[in-house]
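Colleague: I have a model open and would like to go through its contacts with you. Could you take me through them?

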Amino acid sequence: MKKIAEIEEWTAAVLLIAVSVLTLLQVIMRYFFSLPLPWVEEAARYLMIFMIFIASAAALYRKEHLNIEILDFILSDKKIRILSIFQQAAVTAFTIVLAYVAYEFVMTQIAIGQKSPALQLPMAGPMSAVLIGAVLMAISGIGSIFMIFTARKGG
């Protein structure tokens, strides 16, 4: 699981760099050459969406999604462990439902055949970011729950 989270983090970092480069390219082309590229903003938007959903899976693995830190100081170790399992299970259940809904939505987009305005990509591609992210988050959530269950008491 740790390796998958590292791959997700690196992928999100590469996508962030790509978004930054595309945005810089658009600024240069628009303000220095007065020749804006119509596809750059759309590509940067879609890459940003993919980046957010992929990074969310890594954040879920690192338990950075849902946490009330004050409870770590108030509750006993056993109660924190139970709360952690509940938190991860709730988020994982949500991501499984989200993955199902996203799958249905992507299938609808494939059937409709809608294309993006500037890049003329099938909209099922950009919309699949939600599906991919939800599946990765569900995998991370299940892995986190397993790690909590198998962790030794007090460690």
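Colleague: How many salt bridges does a search of the whole structure find?

Modeller: The search finds three salt bridges, each defined as a side-chain nitrogen of Lys or Arg within 4 Å of a carboxyl oxygen of Asp or Glu. This is a predicted model, in which local features need pLDDT of at least 70 and side-chain atom pairs count only at pLDDT 80 or more, while totals for chains, interfaces and linings use all residues. Residues are numbered from 1 along each chain as its sequence is written, and side-chain values use heavy atoms, with hydrogens and water left out.

Colleague: Which residue does E9 meet in a salt bridge?

Modeller: E9 meets R62, at 2.7 Å from N to O. This pair links distant parts of the chain, 53 residues apart: E9 is in helix α1, and R62 is in the loop between α2 and α3 (70-74). Helices here are DSSP runs (H or I, at least four residues), numbered from the N terminus.

Colleague: What does E41 pair with?

Modeller: E41 forms a salt bridge with R30, and their closest N and O atoms are 3.0 Å apart. That pair joins helix α2, which holds E41, to helix α1, which holds R30, across 11 residues.

Colleague: And which residue does E6 bridge to?

Modeller: E6 bridges to K3, with the closest N and O atoms 4.0 Å apart. Both lie in helix α1, three residues apart, about one turn of the helix.

Colleague: Changing topic, how do the axes of α2 and α5 cross?

Modeller: The axes of α2 (residues 40-61) and α5 (residues 124-150) cross at roughly 5° and come within 7 Å. The axes are lines fitted to C-alpha atoms over the stretch in contact, with angles from 0 to 180 degrees between N-to-C directions. The two helices are therefore roughly parallel to each other, a term for angles under 35 degrees.

Colleague: Where is S34?

Modeller: S34 is in the loop between α1 and α2. Its phi is positive, about 50°, although S34 is not a glycine. S34 is exposed, with a relative accessible area of 60%.

Colleague: Where is Q120, then?

Modeller: Q120 is in the loop between α4 and α5, and its phi is near 60°, a positive value in a residue other than glycine.

Conventions. Angles under 35 degrees count as roughly parallel, over 145 as roughly antiparallel, 65 to 115 as roughly perpendicular and the rest as oblique. Buried means under 20% relative accessible area, exposed over 50%, partly exposed in between (1.4 Å probe, protein chains only).
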